[in-house]
Amino acid sequence: MDSDLEIVAHSADVADPAIAEAADDAVVPPKRRALRKPSKPDALLADAVEFARNGVNEIAEQGQVGTHVGAYPDAERVVTHRFEAHLPGYGGWHWFATLARVPRGKEPTISEVGLLPSETSLLSPPWIPWAERVRPEDSAKDESVSPDAAGGE
């Protein structure tokens, strides 16, 4: 069974000199390489545009899914299809469907669907903590209003 854990014995951690010497001579297995993103999408998954569109249509209302933008490889046998999103308030956003397949499998599976921003998306401004948003003059206005002036009892 492969494991990402690596066991290393250091001679300084061992009290017995014979064991410490053996630990110094022990061969440490090489670390696993990280999976790299493929440069080209899986051909079978890249051709499954209508399958991906049907997956997005299950969560989107009619007329919200636009033209196919492209197929982007995420990993081996994993491809994300993007479609234009026609939603009010989501200018430049894309619907996406991530497809996967098992090794030697011919049928794609939908892993995930949703909305993603593109490079041209309208995004909300950066979040600012409450303590930095409220200025001293904002709270001074509230304190200066008496209950009688505000129409209270």
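Q: How much of the protein counts as buried?
A: Of its 153 residues, 24% count as buried. Buried means under 20% relative accessible area, exposed means over 50%, and partly exposed lies in between (1.4 Å probe, protein chains only). This is a predicted model, in which local features need pLDDT of at least 70 and side-chain atom pairs count only at pLDDT 80 or more, while totals for chains, interfaces and linings use all residues. Residues are numbered from 1 along each chain as its sequence is written, and side-chain values use heavy atoms, with hydrogens and water left out.

Q: Ok. How many helices and strands are there?
A: The protein has 5 helices and 4 strands. Both are DSSP runs, numbered from the N terminus (helices: H or I, at least four residues; strands: E, at least two).

Q: In what order do the elements run?
A: From the N terminus on, the order is α-α-α-β-β-β-β-α-α.

Q: And how are the strands arranged in the sheet?
A: The 4 strands form an open sheet in the order S1-S2-S3-S4, with antiparallel pairing. Two strands count as paired if DSSP finds at least two bridges between them.

Q: Which strands stand at the edges?
A: S1 and S4 (109-117) do. Each has a single partner strand, so one side of each is left without a neighbour in the sheet. On average, neighbouring strands of this sheet are turned by 20 degrees against each other, direction ignored.

Q: What about S2, how many bridges does it make with S1?
A: S1 and S2 pair over 7 bridges, in the antiparallel sense. Val65, for instance, has Ala85 in S2 as its bridge partner. The hairpin of S1 and S2 has 2 residues between the strands, and Arg77 takes a positive phi near 60 degrees there.

Q: And with S3?
A: S2 and S3 are also antiparallel, over 7 bridges. Val78 has Ala100 in S3 as its bridge partner, and Arg82 stands opposite Phe96 in S3.

Q: Why is S2 called largely enclosed?
A: Because 6 of the 8 residues of S2 are buried, the strand is largely enclosed by the rest of the structure.

Q: New topic, the core. Which residues touch the most other members?
A: The largest nonpolar core has 15 residues, and Val56, Val65, Phe83 and Trp95 touch the most other members. Such a core is a set of buried Ala, Val, Leu, Ile, Met, Phe, Trp, Tyr and Cys residues joined through side-chain atoms within 4.5 Å.

Q: Which elements supply it?
A: Helix H3 (49-57), strand S2 (78-85) and S3 each supply at least two residues. S3 gives the most, with 4 residues.

Q: What does Val56 touch?
A: Leaving out residues up to four places away in sequence, Val56 touches Val65, Phe83, Trp95, Phe96, Ala97 and Val113. Contact means heavy atoms within 4.5 Å.

Q: Now Thr80. Is it buried or exposed?
A: Thr80 is buried, with a relative accessible area of 7%. Its place is in strand S2.

Q: Which side chains make polar contacts with Thr80?
A: Asp74 at 2.3 Å and Thr98 at 3.1 Å. A polar contact is a pair of N or O atoms within 3.5 Å; within protein, one must be able to donate a hydrogen and the other to accept it, and residues adjacent in sequence count only if both atoms are side-chain atoms.

Q: Where does Thr98 lie?
A: Thr98 is in strand S3 (residues 93-100). At 12% relative accessibility, Thr98 counts as buried. Beyond four places in sequence, the residues Thr98 touches include Asp74, Val79, Thr109 and Glu112.

Q: Last one, how many aromatic pairs are there?
A: A search of the whole structure finds 1. The rings of Tyr90 and Trp93 have centres 5.2 Å apart and planes at 90 degrees, so the pair is edge-to-face. Rings of Phe, Tyr and Trp (its six-membered ring) pair if their centres lie within 6.5 Å; planes under 30 degrees apart are stacked, over 60 edge-to-face, and the rest tilted. Tyr90 is partly exposed at 35% relative accessibility, while Trp93 is buried at 17%.

Notes. Axes fitted to C-alpha atoms, helices over the stretch in contact; angles between N-to-C directions.
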